[in-house]
Amino acid sequence: MGRRTLFLVFIFLCLQDVFCILGYVSDNSSPRKHAIVLTNAKKENTLLPYISPNGSPRPFIPLLAPSPLAPFMNSTTPKLSGRCGLNFSAINDLMKTTAVDCLTSFAPLLANVICCPQLHATLDILLGQSSKQTGMLALDSRHANYCLSDVLQILGSQGASLELQQICSIYPSNLSEGSCPVSDVNGVESAIDSSKFLAACKQVDPVNECCSKVCQNAILDAAEKISMRDGALTRMGITKNLAEKASSVDDCRSIALRWLSSRLDTLSATKVLRRVSNCNVNGVCPLVFPDTKNIAKECGNKIKNHTTCCHAVNKYVAHLQKQSFITNLQAVDCASKLALHLQNANVSTDVYRLCQITLKDFSLQVGSQESGCLLPSLPSDATLDPSTGISFTCDLNDNIAAPWPSAFQSPSTSCNKSTNYPELPAATSAQMGKQGILVKFHLLFTSLFFLILV
C-alpha cells in the first residue's frame with residue numbers, strides 16, 4: 001500500500017473520529033445536561049448526568065451557575081471586631097476554599113458532605129496555626145465570640161452563606177477548650193508522644209483509614225492522655241459520670257487536632273482533618289425518614305398491586321430526594337436504613353428491585369429529569385469559575401441497585417468487603433470533557449499536519 005493510500009485512509013479515520021467527537025459534544029455538552037442554573041435553592045433546577053447502560057461508574061461535573069453570577073463573585077470588606085488575635089493571613093487560601101464550599105444558596109445542599117466538614121477543619125487549622133505565635137490551642141469565651149464572628153464575616157465577604165452558624169451548628173465553644181484540662185501547646189506536648197502521634201497522622205490513607213483507623217486511634221489515644229494529664233480524669237471520676245468523662249475526651253480530641261494542625265502545613269492539615277472526619281460523614285445517613293405507613297399499606301405482606309406499591313415507594317423516595325447531596329457510601333447506609341424500617345413495617349418484598357430504586361435515588365434530584373448526583377466517598381471541594389459558576393464531581397451516576405438486606409444479612413457497611421462499591425471516585429477521564437475533546441482534536445490535526453509535511 002502506497003504512502004498516498006495510507007494518507008487517505010488516515011484522513012478518513014480522522015474525519016470519522018472527529019464526527020464522533022462532534023456527536024458527543026452535541027449529545028453531552030449542552031448546558032441543560034451539565035449545568036444547574038439556580039437563582040434560589042428552592043426554584044426549579046436542571047441536571048442531567050450521563051447514565052451508563054452497563055452499570056459502571058461514569059462521573060460527571062455539574063455546574064451550579066447562579067444567574068446573575070456577579071453577586072456571588074464580588075468580594076466585600078468584612079466588618080471585623082478588632083478583638084480577635086488569630087492569624088487569619090496564615091490560612092488565607094483555606095478561607096477562600098471554605099467560602100466556595102459554603103457558597104450562599106448551595107451551602108445547605110452541600111452542608112453534610114462538603115461545606116461543614118471543611119468549615120470545622122478550617123477552625124481547627126486556624127487555631128493550630130495561630131498557636132505558633134500564641135502558644136495556645138483554645139480561646140476564652142469572650143475572644144471565642146469575637147473570633148467566630150470574624151471568621152463568619154470573612155467567609156461571608158467572600159460569598160459564603162450568612163447562615164453558616166445555623167447550617168453547620170458552629171458555636172463559640174468550638175474555639176474554646178471546653179472541658180479539656182489542657183489548652184496550651186506545652187501542656188499537650190508534655191502529655192502525648194508527639195513523634196508517634198505525628199507519624200500516625202502525617203499521611204492518612206484516604207481509602208483504608210476509615211477501616212484501619214491508624215490516625216483515628218492515634219487521635220483518640222492523644223485525647224485520652226491529654227484529658228488525664230496530672231490525674232485530671234482520675235479526679236473527675238469521683239464527681240462526674242461516664243458521659244462527662246466522654247465529653248472531656250471529646251473536647252481534648254479537638255485540642256489534639258489543633259496541635260496536629262500546627263505541625264503540618266495548611267494543605268496537609270486540611271487533607272488529614274477532612275479524611276479523618278469523612279469517616280464519620282460516610283458512616284451516617286443524614287436523611288430524615290418520614291413515616292412509612294403508606295408504603296406499608298400498599299406493599300406490606302403479599303403485594304396485591306405492584307403499580308400502587310411502586311407509586312407509594314416512588315412518592316416516599318421523592319421526599320428524600322429533596323433534602324441534600326450525599327455520598328455514595330451514605331446512600332448505601334440510607335438504603336439499608338430505609339429497608340430495615342420497611343421490613344419492621346411488614347414489607348418483606350424487595351421493593352427496591354420491584355420499583356427499580358437505585359443508590360442515586362437517595363440523593364438530591366434536580367429538575368424534571370430525575371437524575372441524582374452522588375458525591376464521591378472521598379473528601380472533595382466545590383470549585384468556582386467566574387464564567388461557569390460552581391462545579392463539583394458526582395460519582396456513581398449509573399443505575400446501581402439499592403441494597404435490600406435479607407433477614408439473615410447484616411446491614412451493608414463501607415468496611416464490608418463482600419459488598420463491592422467503588423471506594424474511590426471513578427476517574428473523570430471516564431467521561432470526556434471539553435478539555436479532553438480539545439486535546440484529541442489537537443492530536444488529530446497535529447498528526448495530520450505531520451503527514452502532510454512528510
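The model is predicted, so local features need pLDDT of at least 70, side-chain atom pairs count only at pLDDT 80 or more, and totals for chains, interfaces and linings use all residues. Residues are numbered from 1 along each chain as its sequence is written, and side-chain values use heavy atoms, without hydrogens and water.

**Disulfides**
- The count comes to 10 disulfides (pairs of cysteine sulfur atoms within 2.5 Å).
- One of them joins Cys-180 to Cys-252, with S to S at 2.1 Å.
- This pair links distant parts of the chain, 72 residues apart: Cys-180 sits in the loop between helix H7 (164-167) and H8, Cys-252 in helix H13.
- Both Cys-180 and Cys-252 are buried (under 20% relative accessible area; exposed is over 50%, partly exposed in between; 1.4 Å probe, protein chains only).
- Cys-210 and Cys-279 also form a disulfide, and its torsion of about -90° makes it left-handed.
- Cys-210 is partly exposed at 21% relative accessible area, whereas Cys-279 is buried at 12%.

**Helix H13**
- Helices are DSSP runs (H or I, at least four residues), numbered from the N terminus.
- H13 (residues 242-262) has 21 residues and should span 30 Å at 1.5 Å a residue, which agrees with its end C-alpha atoms, 30 Å apart.
- The expected span is 1.5 Å times one less than the number of residues.
- Buried residues of H13 include Cys-252, Ile-255 and Trp-259.

Terms used: Helix = DSSP H or I, 4+ residues; strand = E, 2+ residues; numbered from the N terminus.
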